[in-house]
Amino acid sequence: MKIAALYRYPVKSLGAQELAEVAVTPRGLAADRRWLVTNPQGRFVTRRELSGMALIGAEHEDGVLILRDNQGAALRVAEPVADTAPQTVTVWRDPVAALPAGHDADGWLSERLGRPLRLFHMPDASHRAVDPDYGAAGDEVSFADGFPLLITTTASLAALNARLDDPMEMARFRPNIVLDGVDEAFAEDGWRSLQIGGLRLRVVKPCTRCVVTTQHPLTGESLGNEPLRTLKAMGRVWERQPIFGQNAIPDGAGRIAVGDAVAVL
């Protein structure tokens, strides 16, 4: 079993950045979902309500966020300096201290997405705990929905695609780590811990899926009710919600790369 692909999402709900290798921190892949789009009141905005966010790409390079729209126009946003006054933003029910990106970034996003929006950065000094029902004391997460890492497998996607009239790509599920060479589909349901080099990951909870999986990953266009309908028909359900992939929490920090061997512990 090995890593087939790595992805991070520098801004929650904006485009993916594919990586050959990346540092892993206790909050997840380095620079993953450390930026957040909000409404003017500071509540998070995602593709669940604003599907056009899919049209904006996001990359993180050397402490700079690079946003790019579907016409090729780009904006570079440096991480806010430490003495910028923090403000409180809300992700689900979690209040989080975050640093505003500034008027230029807010205006750039607002113009392209057609409504007033703001952009915020989570500094290292800000902390957001994972759900204590699934994590340990001290476990943290960025602006991701609930956990630091999302792991999927090519075997499980192949099993799903075998049931679909129109096979789909893994990008619909927005994973961080894609694994290849897994013996059987949905074997990840039974995993509790993985080892990648010197890094150990705790596999803690199935990932429940939402309407974002039914959208085209690059345009946000609605593509119907798949894969949610078929996942339910396959019995891929947890607490009455369709599932695909597993959430995981790193024990410590490390570095991983495409091609790295992965062991189930």
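Arg34 counts as buried in this predicted model, because its relative accessibility of 12% falls under the 20% limit. Its side chain meets that of Asp124 in a salt bridge, at 2.8 Å from N to O. Asp124 itself is exposed, with a relative accessible area of 60%.

In total, the structure holds 14 salt bridges. Among them is the one between Asp145 and Lys12, whose closest N and O atoms are 2.6 Å apart. This pair links distant parts of the chain: Lys12 sits in the loop between β1 (2-8) and β2 (17-19), and Asp145 in the loop between β11 (118-121) and β12 (149-153), 133 residues apart. Lys12 and Asp145 also belong, with Arg48, to a network of salt bridges.

Another salt bridge joins the side chains of Asp69 and Arg112, 2.7 Å from N to O. Here Asp69 comes from the loop between β7 (64-68) and β8 (74-78), while Arg112 is in helix α1 (residues 103-113); the two are 43 residues apart.

| Residue | Relative accessibility | Class |
|---|---|---|
| Lys12 | 4% | buried |
| Asp145 | 36% | partly exposed |
| Asp69 | 11% | buried |
| Arg112 | 31% | partly exposed |

Key. Residues numbered from 1 in each chain as written. Predicted model: local features only at pLDDT ≥ 70, side-chain atom pairs only at ≥ 80, totals over all residues. Heavy atoms only, no water. Salt bridge = Lys/Arg side-chain N within 4 Å of Asp/Glu carboxyl O. Helix = DSSP H or I, 4+ residues; strand = E, 2+ residues; numbered from the N terminus. Buried < 20%, exposed > 50% of the residue type's maximum accessible area, 1.4 Å probe, protein only.
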